[in-house]
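Visitor: I've just opened this one and would like a hand reading it. Where shall we start?

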Amino acid sequence: MSYPGSPPPSALWRLARPLMRAAEGLVFPPVCVACAEPLPAMAERHEEANWFCKACLNAIEPQLPPYCSKCGEMYDGSFTNTFRCSNCEGLTLEFDFAVAACAARGPVRELIHRFKYGRRLHLRASLAVLLSRVLEEERLRNENLCQWLLVPVPLHPERESDREFNQSWELCVRLAQITGIPAAQVLERIYPTVKQAQLNRRQRQENLRGAFRMRQARWWQRQASAPPDIQGRKILLVDDVLTTGSTTSECARVLKNHGGAEKVVVITVARG
Ligand SMILES: [Zn+2]
Ligand SMILES: [Zn+2]
């Protein structure tokens, strides 16, 4: 996959890359990230076959139509005009639509768990390669995505320091490298997660109200960078897993109402 905005690799890099790959292969022989089965010598690391063995690739369940045009929940058979999605019926979802690359089962579920809770940061590269599948979705593939912006679902600072990184931001950074789509952390989480287990879906949604806001000017000053222009912009809101969509919906509301975003599409590696 190449995008018009991808920076061309420099001549030196083009020359050095195969040598570096060969040296890396001697020191760290490539193995499947899911099951540690040895892999053939690596070629381009943005291809799934360089991360997963055949058996694991076959065990990954892609999210394919028919699925809900709003929340991406997959359904068997074909839709009728009166179709109502049992996941998002009764919820007001503020994003335009959500798409996931695969089901949160088997090797993908396991990988995400190790990535997030086992602090295996190196797994972000393979997960970003899986995530890049969603950009081929029929509503996205003809868009000039380099004009869009990748935005991560933020973690509360306390949670981020416990986990040592924000998994959504790490996925954004890698996806930006693969595709050339710019990425920026324009949202922040100002209230930590409150226990939501006893709440129903609607109460969960209300519970999240006010948990996020646009990053303030002083944050950008501390980063010594300028905030990207969000007004009228189309956003790819990135997370690792989407379940009900309540969290991403609240982020989308802030991006639209306070940031002025024109459109927010949620993309996730997995669908829970
Ligand atoms: Zn494997
Ligand atoms: Zn739905």
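Visitor: What does helix 4 lie across?

Guide: Helix 4 (residues 124–131) lies across strand 1 and strand 6, and runs at about 120° to strand 6. Helices (H or I, at least four residues) and strands (E, at least two) are DSSP runs, numbered from the N terminus. Axes are lines fitted to C-alpha atoms, for helices over the stretch in contact, and angles run from 0 to 180 degrees between N-to-C directions. Keep in mind that this is a predicted model, where local features need pLDDT of at least 70 and side-chain atom pairs count only at pLDDT 80 or more, while totals for chains, interfaces and linings use all residues. Residues are numbered from 1 along each chain as its sequence is written, and chains are lettered from A and ligands numbered from 1 in the order in which they are written.

Visitor: How do I read the sheet, and in what order do its strands come?

Guide: Strands of a sheet pair through backbone hydrogen bonds, either parallel or antiparallel. Here four strands make an open sheet, ordered 1-6-5-2, with parallel pairing (two strands pair if DSSP finds at least two bridges between them). At the edges sit strand 1 (97–103) and strand 2 (149–152), each pairing on one side only. From one strand to the next, the twist averages 25°.

Visitor: How many bridges join strand 5 to strand 6?

Guide: Eight, linking residues 234–242 of strand 5 to residues 263–271 of strand 6. To pick one out, find D239: its bridge partner in strand 6 is T268.

Visitor: And where do nonpolar residues gather?

Guide: In soluble globular proteins, nonpolar side chains tend to be buried together. A nonpolar core is a set of buried Ala, Val, Leu, Ile, Met, Phe, Trp, Tyr and Cys residues joined through C-beta atoms within 7 Å. The largest one here has 64 residues, and L127, L131, V151, L237, V238, L255 and V269 have the most contacts inside it. Strand 6 gives the most to this core, with six residues. Domain 1 (15–59) and domain 2 (62–271) both contribute, so the core lies between them; those bounds come from an automatic or database domain assignment.

Visitor: Why is helix 9 called largely enclosed?

Guide: Nine of its 12 residues are buried, so the rest of the structure largely encloses helix 9. A residue is buried if 20 or more other C-beta atoms lie within 10 Å of its own, exposed if 12 or fewer, and partly exposed in between, with C-beta atoms placed from the backbone. The buried ones include C251, V254 and L255.

Terms used. Two residues are in contact if their C-beta atoms, placed from the backbone, lie within 7 Å.
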